[in-house]
Amino acid sequence: MILDQLIGFFSSDMGIDLGTANTLVLVKDKGIIINEPSVVAVQRERYGKQKILAVGHAAKEMVGKTPGDIEAIRPMRDGVIADFDMTEKMIRYFIEKTHKRKSFLRPRIIISVPYGLTQVERKAVRESALSAGAREVFLIEEPMAAAIGANLPIKEPQGSLIVDIGGGTTEIGVVSLGGLVISKSIRTAGDKMDASIVNYIKEKYNLLIGERTGEDIKISIGSAVQLERELNIVVKGRDQMTGLLSRIELTSEDVREAMREPLKEIADALKTVLEMMPPDLAGDIVENGIVLTGGGALIRGLDRYLSDIVKLPVSIADEPLLAVAMGTGKALGEIGLLQQLTNED
């Protein structure tokens, strides 16, 4: 007991936005100190052993470029743990990096998770963090964390609607009086947009590119609506007909067409939530509008695209990429709020 108290005294509470694409780590009273890709590079050795070569930025640089005995693994898929062992190693790496590799420190950690995770999936997230060295683990649902991080009035008796578009999932939540009144999670988000771009270029131009190139194209010239001045980019890859290396010029109009289906799925999910809205809360949303967070919020014109469909004002949060991580930090700062918002089994 005394040892636990001492460990707690010397450790720093942490909030983790454990995302499919990126993991952000926030330390209480210090802010966000880690923002790195959720990628682990491993080298296969004899007898089935695996050696960790890199985590985060260094590992992502290896994606699609590794020799046969090295693999760049994304342990999170669609917002859930796809590889328990690699997720544990990734979390351990980030904890040790945060605490300057002082392994005796065991922090209390709050982790954001997609809404609607099964009990098995929730247990996997919690156990991976405990195995990685956490003293205590709380889970908070991403729509709530995003709403807190976006500075929405979550404790007030009024409705706020948040749409968090991450790498693996899009989380939609209506928040009022400190709770989620309506929530919806769909496994359509940044990764699906990247895959749609890869497939579009393959089908239209017979050019084979990787997922990472698809993401780069989305960030560079992707848009949800027609731009006043369309953008373009030169894309390099392998011609699937000749097998030779080739290049094409791609426009933002191409990318918009490629992303049409996943963007429609997000809009349809938002419409579904609006149709479920209690009348009193509906009035609040008409007045206050909808707030976008997550990496997907940065797609050019997405706020206008969604606003045109649902006929409501849509705005982008300040620092949308950081909203969920900032929300976990604010929850850590208020014990009462933490106990009210987190879900433990």
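In which strand is the place of N35? Select N35 and you will find it in strand β3, residues 31–37, where strands (E, at least two residues) and helices (H or I, at least four) are DSSP runs numbered from the N terminus. Before going further, please note that this is a predicted model, in which local features need pLDDT of at least 70 and side-chain atom pairs count only at pLDDT 80 or more, while totals for chains, interfaces and linings use all residues. Residues are numbered from 1 along each chain as its sequence is written, and side-chain values use heavy atoms, with hydrogens and water left out.

Staying with N35, its relative accessible area is 36%, so it counts as partly exposed; buried means under 20%, exposed over 50%, and partly exposed in between, with a 1.4 Å probe and protein chains only. Not counting residues up to four places away in sequence, N35 touches N22, T23, L24, H57 and L322, where contact means heavy atoms within 4.5 Å.

Next, select D29, in the loop between β2 (22–27) and β3. D29 is exposed, with a relative accessible area of 78%, and its phi is near 70°, a positive value in a residue other than glycine.

From there, go to T98 in helix α3, which covers residues 84–98. T98 has a relative accessibility of 11% and therefore counts as buried; leaving aside neighbours within four places in sequence, T98 is in contact with M14, V25, V27, I33 and I34.

Now colour the nonpolar cores, each being a set of buried Ala, Val, Leu, Ile, Met, Phe, Trp, Tyr and Cys residues joined through side-chain atoms within 4.5 Å. The largest of them has 44 residues, and those with the most contacts inside it are L161, I201, I217, I290 and L302. Helix α9, residues 260–275, gives the most to this core, with six residues. Select L302 and show its surroundings: leaving aside neighbours within four places in sequence, L302 is in contact with I165, A224, L263, L292, G296 and A297. A second, separate core of 29 residues includes M14, I91, F94 and L117. In soluble globular proteins, nonpolar side chains tend to be buried together.

Continue to T188, in the loop between β13 (179–186) and α6 (190–205). Is T188 buried or exposed? With a relative accessible area of 4%, T188 is buried, and, leaving aside neighbours within four places in sequence, its contacts are G168, T169, T170, P262, E265 and I266.

L177 is exposed, with a relative accessible area of 56%, and has a positive phi of about 50° although it is not a glycine.

Finally, zoom out to the whole chain, which has 13 helices and 18 strands. Its C-alpha atoms fill a box of roughly 70 × 65 × 30 Å, taken along the principal axes, and 51% of its 345 residues count as buried. Residues 24 or more positions apart account for 64% of the contacts with a separation of 6 or more.
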